[in-house]
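Colleague: I'm new to reading structures. Could you walk me through a few features, one at a time?

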Amino acid sequence: MMDEPNPATADQPEIDALVEAQGATEAPAGGRGRLARGVEVIREKVKTLPNSPGVYRMMNAKADVLYVGKAKDLKKRVTAYTQLSRQSNRLLRMITETAAMEFVTTHTEVEALLLEANLIKRYMPRYNVLLRDDKSFPYILITGDHPAPQIAKHRGARNRPGEYFGPFASAGAVNRTIVALQRAFLLRPCSDSIFASRTRPCLQFQIKRCSAPCVGRINEADYGNLVKEAHDFLTGKSDAVKLRLSAEMQQASDTLEFERAARLRDRIQALAAIQSRQDINLEGVEEADIIAAHQEAGHTCVQVFFFRNHGNYGNRAYFPAHDKQAEIPEILAAFLAQFYENKTPPRLILVNEMPSEAELLTDALMLRAGGKVEILAPKRGDKRKAVDHAALNAKDALVRRMAESASQSRLLTALAELFKLEQPPKRIEVYDNSHISGTNPYGAMIVAGPEGFLKNQYRKYSIRDVIPSKDLESHSAGEGGAEAGTEALVESPASETPPGLAEAPMPSFEPEPDATLSQAIEAAIQPLPSIVAGDDYAMMRQVLTRRFSRALKEDPDRDKGLWPDLVLIDGGQGQLNVALQVLADLGIADVCIASIAKGPDRNAGRERFFMPGREPFSLDPKSPVLYFLQRLRDEAHRFVIGAHRARRSKEIRHSILDDVPGIGAKRKKALLLHFGSARAVSQAGLQDLATVPGVSEAVARKIYDHFHGG
């Protein structure tokens, strides 16, 4: 009996021919052997696959997902990957890397499409078309759980009762619209807790953006009419609202109520301001998204315009990642599936080119929307003009993006020359700290790369284990964080231990001789010592230790893109010494690191740069590289200052009464009105607390015990 031929051997002539045809530069990485093994893995899986719809995942030897695909017939679709002569270079590279496959069967092809979009967003496989910037869109919410509804910006799950209007393309568009709606309809923007605690009108009432229902300046019925008018305007009945307001204004003028007429005039002007910002409109279309793609030099921009309630709610540009050979129909199909994976599709989607598998995609979107959805590529008329306008915006955005990328590439090349890197950095991390006299300390990391700032990679670090100190004069950091005390740091010798580290002894790194990599990492990562308030060096040490300890755990092989090519520290020689010590403690010796200190008088353009093994140096004040580095540092400073201010503002707004169980907004207001301050409440006796309206004896006991340790 003859042995069955080895699949890899049987395919060898075809594989050899493919490699010969591609040439040495185009051959898949790893050559013939790895390509043959990839084909063998696929053939083994095909043997047990059903002829039913489903989703498949192709993975490499490290179990990283390479590609997610769907199929009407899993067996036929996966078998096609074994026909190497029909595959593009991209797919041949993918097959070469394939070491395993996983499958999920579904009832229908529509379900497979929806699952595919979900898995692509979860795993972000590099051989798929990827929609990277896909955060949720903001909405306008008019609440429905309060007698005096609030108008507010909302993002995320729609859990709160009320009516949602949107989506809007950006938070800025929502904020501008809310301000205009406040002027037009005088709806309150404050939270329910602030509403309950007001005793007199706030500034919003004084500048004519609120009717002050919190203190009874308008009765509930009249405020309800304002809410109804706002609802009518946001649902497309703007002309009727403006006509009604115009009639009221004329009537007030005729009866010589000129102040009331002026207020109505201002409201009409606010409504006109909202409508004047809408550059393109679709007559007779209540709800639609216009999606147009433009492709150039292997890059694509997809422009999305939102139309809701007969109004233009703004637009946003996307730049999906894809193979350079991918065509617009394929890109649009993947974009639409991922874009609406967490959003409700509108009834009409206008595109400049029909996506591939449009019928299947329409069925999937209808299933997600729970109603009719139509994908249309108009050929003439107003709809075609609107699509052409969106396509022109996509072209302009792509041209700007490519110009910025070219400029960014030149800057990164110059940066590599400056810091003696082997190649332009793909990931730059910048660190800074912020605090005021040691209070509310925060550290932060921002990330930049060839595509600019990568804001989804930014991280904030709330400094832990801070010990308050009455005497901070011995510490270099004060208000403004790492920027304080720069002159003293510049003069300190490179070998000197920075002041303030005496309280934070360096941990030892002594793994067992036969320790595994994970055990060695655990040995290096020891509990961090407490930090004296205001010790900027210890803060930087904690931030860097937390950051790189996590990188060692999550990406020890450095193949997930989590490791920086260049680390920049906002500070001088002292901060650099701390950073170098952290990396040494963790056994990291191959990360390029530098610090940036402001020059004399903290003047921009006179910065000094510190690197290990080099004398401090400065750049020409007119150097584009210096300007780029300033932008990186300033972005880190902006981000960390924002985190610090947010925490400080939260503490300022916090009242000791908020910590008392059973005390809501109404009881808090009653207590403050009765005693005058939260401190007086904390010092009040049990009988005094019980005399406050709305506070029972049981609640009074809770309050008293809370402040007196009962």
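Colleague: Let's start with helix H13. Which residues in H13 are buried?

Modeller: This is a predicted model, by the way. A residue counts as buried when its relative accessible area is under 20%. In H13, that goes for Ile 328, Ile 331, Leu 332, Ala 333, Ala 334, Phe 335, Leu 336, Ala 337, Gln 338 and Phe 339. So H13 is mostly covered, with 10 of its 12 residues buried.

Colleague: How many Å should the 12 residues of H13 span?

Modeller: Count 1.5 Å a residue, and residues 328–339 should span 16 Å. The C-alpha atoms at the ends of H13 sit 15 Å apart, which agrees.

Colleague: Okay, cores next. Which members of the largest nonpolar core touch the most other members?

Modeller: That core has 57 residues, and the ones to look for are Ile 140, Leu 187, Ile 291, Phe 335, Phe 339 and Ile 349. Take Ile 291: beyond its neighbours within four places in sequence, its contacts include Leu 332, Phe 335 and Leu 336, as well as Val 302 and Ile 349.

Colleague: And the sheet? What is the order of its three strands?

Modeller: Read across the open sheet and you get E2-E1-E3, with antiparallel pairing. Strand E2 (65–71) and strand E3 (100–105) are the edges, each pairing on one side only. From one strand to the next, the twist averages 15°.

Colleague: How many bridges link E1 and E3?

Modeller: Six, in the antiparallel sense, with E1 covering residues 54–59. For example, Arg 57 has Glu 102 in E3 as its bridge partner. Helix H6 (residues 109–123) lies across E1, E2 and E3, at about 170° to E2.

Conventions: Residues are numbered from 1 along each chain as its sequence is written. This is a predicted model: local features need pLDDT of at least 70, side-chain atom pairs count only at pLDDT 80 or more; totals for chains, interfaces and linings use all residues. Side-chain values use heavy atoms; hydrogens and water are left out. A nonpolar core is a set of buried Ala, Val, Leu, Ile, Met, Phe, Trp, Tyr and Cys residues joined through side-chain atoms within 4.5 Å. Buried means under 20% relative accessible area, exposed over 50%, partly exposed in between (1.4 Å probe, protein chains only). Contact means heavy atoms within 4.5 Å. Two strands pair if DSSP finds at least two bridges between them. Helices (H or I, at least four residues) and strands (E, at least two) are DSSP runs, numbered from the N terminus. Axes are lines fitted to C-alpha atoms, for helices over the stretch in contact, and angles run from 0 to 180 degrees between N-to-C directions. The expected span of a helix is 1.5 Å times one less than its number of residues.
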